[in-house]
Protein chains: 2
Amino acid sequence: MIIAEIITIGDELLLGETTDTNAGYIARKLSGIGLSVQFKSTVGDSLERIEETIRHALKRAQLVITTGGLGPTDDDLTKKVLVKFFKRQLVLNEQLLEEIRERYHRRGIEMPAINEEQALLPNNSTIFKNDIGSAAGIGIIENDYYFISLPGVPTEMRHVLDNEVIPFLAKQNFGQAIKITTLRLNGIVESSLAEIISAELEIEPGVKLAYLPSESGVDLRIVATADSKEKAENKAQKLVKQIEKKVGRFVYGYDSDSLQSVTGQLLSDNDKSLAVAESCTGGKLGEIITSVPGSSKYFAGGIIAYSNDVKVSELGVKKTTLNKYGAVSAETAIEMALGARKRFSADFALSITGVAGPGGGTDEKPVGLTFIGLASAHKSFAKEFNFGRDRETNRARASYAALELLRKDILDLEIE
Amino acid sequence: MIIAEIITIGDELLLGETTDTNAGYIARKLSGIGLSVQFKSTVGDSLERIEETIRHALKRAQLVITTGGLGPTDDDLTKKVLVKFFKRQLVLNEQLLEEIRERYHRRGIEMPAINEEQALLPNNSTIFKNDIGSAAGIGIIENDYYFISLPGVPTEMRHVLDNEVIPFLAKQNFGQAIKITTLRLNGIVESSLAEIISAELEIEPGVKLAYLPSESGVDLRIVATADSKEKAENKAQKLVKQIEKKVGRFVYGYDSDSLQSVTGQLLSDNDKSLAVAESCTGGKLGEIITSVPGSSKYFAGGIIAYSNDVKVSELGVKKTTLNKYGAVSAETAIEMALGARKRFSADFALSITGVAGPGGGTDEKPVGLTFIGLASAHKSFAKEFNFGRDRETNRARASYAALELLRKDILDLEIE
């Protein structure tokens, strides 16, 4: 089995002020193609220490991926180290330089001269193109090891990894297959989920099940390893069937599905439109819905009604409702949804009102209390939720819970 | 200077499913007492690999802190490794056993027998008490190194670190202090920034400058080390002054400041209100603004006008404007801002319309082209931006650029 190691480079990671999300992302993507990470290291912006770390990594791993230190500034040292360590020379890559110029040109900026440095790459290296930034990925591929350096900016790292590096590595024959299937659930907490399923599951050797709670619910991740793709897929599928028998009603999708993509598909399949009215989420629900390219096909628009005045003036919530039940109430949520549906003449409307925190909580209406309203041609209703104490978590959970409510309603599933 | 290394132990950290928050927390606390972490490693639950990692760490660091693997179950291996590696025996710590029993007793639970294992500690070791869990911290302190193992559960790790380990280390005379200052900039790209400042900066020994680009702009992090707190602070301050002389106009804040907190403060200080009209960002700007607790004080609300119909019906954008200039144009952005300002009777309104991508781009209006409009009592205008190709990056950059536009306008700063 090939051993992989990830090295993340940058003082900011050692200072602990920036959380290292790159290493985890790379680990997930590598396991997706049957490669398992055995070591992770982080080193600061120091020539000696980066070199020492790379040397040590190549002693124990056949695949080493580094992130960071490929930028144009003085504290970007990775390329310097590569040239010395792998005994390469830096040569100008005309095509890359052109592309970088072009990118600045598109942004209406004259390319700063310093960026020419970005087009200098080690000879005898594999280039992994970066379409959204100026630091390309660099691969030093020898018979006995694969060494790959990627940019540190997460969006760029992910772009290069997903579009260039993973396809490249997937082509290599590392003689082992891993099938990863993720079931995506919403509306049930991890511990209840574990209680329901964990006991009676039959898990074959070579199969791992992980519970991954997130703001969009809980993902169940099945990692099946075998010596052939087919065997791995069969193992995974068997477990999927067992799980769905027990908790299938909470499963909204698989793998790369998201609640916004699944509900979006349902809306466009049924040629229906959606509007939103957001109080405590302040626009997050709309942002999540429109994170799907082409969502304009079914997303009419929304009102961010953060204040009570706006709830009245823009959504037609009755002053009496606000006075009698308060802004955070089922009654207000329903009127918000009805108002949004009417205003945007949409088929469906979702509304969110809650106590996001950290302040504003009372004994009667504690931080985390949230009402989500839904209005459609046939009916309007609101559901009460009690989320946690963290403001951003509450806002995200509320947004995804709203989408799940819509999904269940469109599919006529029972809402528990 | 003493070199510190952090080792986090656990398979879940290598799969990338669990984000490692312990390492960053420890690094921040150590730098707070003048200790700088130079290496971070993560290793899975394997006797051999844990021992190999510890051996390697002690070769290069005088202070090594590990987290994880101190629990009572079979996959908790750290103590086994310590005993072998440091040639210690496990001896029963009666007092600790009593405390563990007592803790269970208080919760009305009979202590599970498995927990007796927790009271077995290596001889000649320093105990760092854990008042909220049964796994105590273990210190192996010799003349030439400090080795400390802490539990992996973040709440317990933080408790033991803050109350036991940090005070212990602070008492040792390592003779150095660190001051970290972050300048937060928007409206200039990393490479241009580097060109302007890097050349002529006088950076004293013991001072490091890092460029940290993100969706909200570029952060400049200064880390100054000296033998006293005052000296470190002076060193950092000197560099801050130099940088601000050159690029102060791009600096919107320091350290924990964010564009949303800074602009929010400006609005409430001036008793002004803000409304938004969002097309391509679909609510993200509103979400960012309302991520600040108490933002209801100055945030009136917003319209998510994703479709042209809504731009017309909700914001009063003229059909002729849309036909003549298109939805992505300065003219439309301005009318969107004017519409939002009027609708919410706000002092300021921001609007965003752009081609977020991945589709929808043309030669004339490529992906990334974005217009941000601002309307106030005195004027209304729009500024053109050209962001990258990544949809989510564009949406985030546009939202922060809008806040920066507002900040500059309120402060009457020149808008370049």
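Of the 416 residues of chain A, 58% count as buried, meaning under 20% relative accessible area with a 1.4 Å probe and protein chains only. This is a predicted model, in which local features need pLDDT of at least 70, side-chain atom pairs count only at pLDDT 80 or more, and totals for chains, interfaces and linings use all residues. Side-chain values use heavy atoms without hydrogens or water, residues are numbered from 1 along each chain as its sequence is written, and chains are lettered from A and ligands numbered from 1 in the order in which they are written.

Chain A holds 14 helices and 17 strands. These are DSSP runs numbered from the N terminus: helices are H or I with at least four residues, strands E with at least two. Along the principal axes, the C-alpha atoms of chain A fill a box of roughly 75 × 60 × 45 Å. Contact means heavy atoms within 4.5 Å. Among contacts in chain A between residues at least 6 apart in sequence, 67% join residues at least 24 apart.

Now the sheet. An open sheet of 12 strands runs in the order 6(A)-7(A)-8(A)-3(A)-1(A)-2(A)-2(B)-1(B)-3(B)-8(B)-7(B)-6(B). Its pairing is mixed; two strands pair if DSSP finds at least two bridges between them. Strand 6 (126-128) of chain A and strand 6 (126-128) of chain B are the edge strands, each pairing on one side only. On average, neighbouring strands of this sheet are turned by 15° against each other, direction ignored.

Within chain B, strand 3 (residues 63-67) and strand 8 (residues 146-150) run parallel and are joined by 5 bridges. B:Thr67 has B:Leu150 of strand 8 as its bridge partner. Helix 3 (residues 47-60) of chain B packs on the sheet. This helix touches strands of both chains, including strand 1 (3-9) and strand 2 (36-43) of chain A. Its direction makes about 170° with that of strand 1 of chain B. Axes are lines fitted to C-alpha atoms, for helices over the stretch in contact, and angles run from 0 to 180 degrees between N-to-C directions.

Next, a helix pair. The axes of helix 2 (residues 22-32) and helix 6 (residues 154-171) of chain A come within 11 Å and cross at roughly 20°. That makes helix 2 of chain A roughly parallel to helix 6 of chain A, a term for angles under 35 degrees. Helix 2 of chain A contributes A:Asn22, A:Tyr25, A:Ile26, A:Lys29 and A:Leu30 to the contact. Residues from helix 6 of chain A include A:Pro154, A:Met157 and A:Arg158.

Definitions and conventions:
Angles under 35 degrees count as roughly parallel, over 145 as roughly antiparallel, 65 to 115 as roughly perpendicular and the rest as oblique. Buried means under 20% relative accessible area, exposed over 50%, partly exposed in between (1.4 Å probe, protein chains only).
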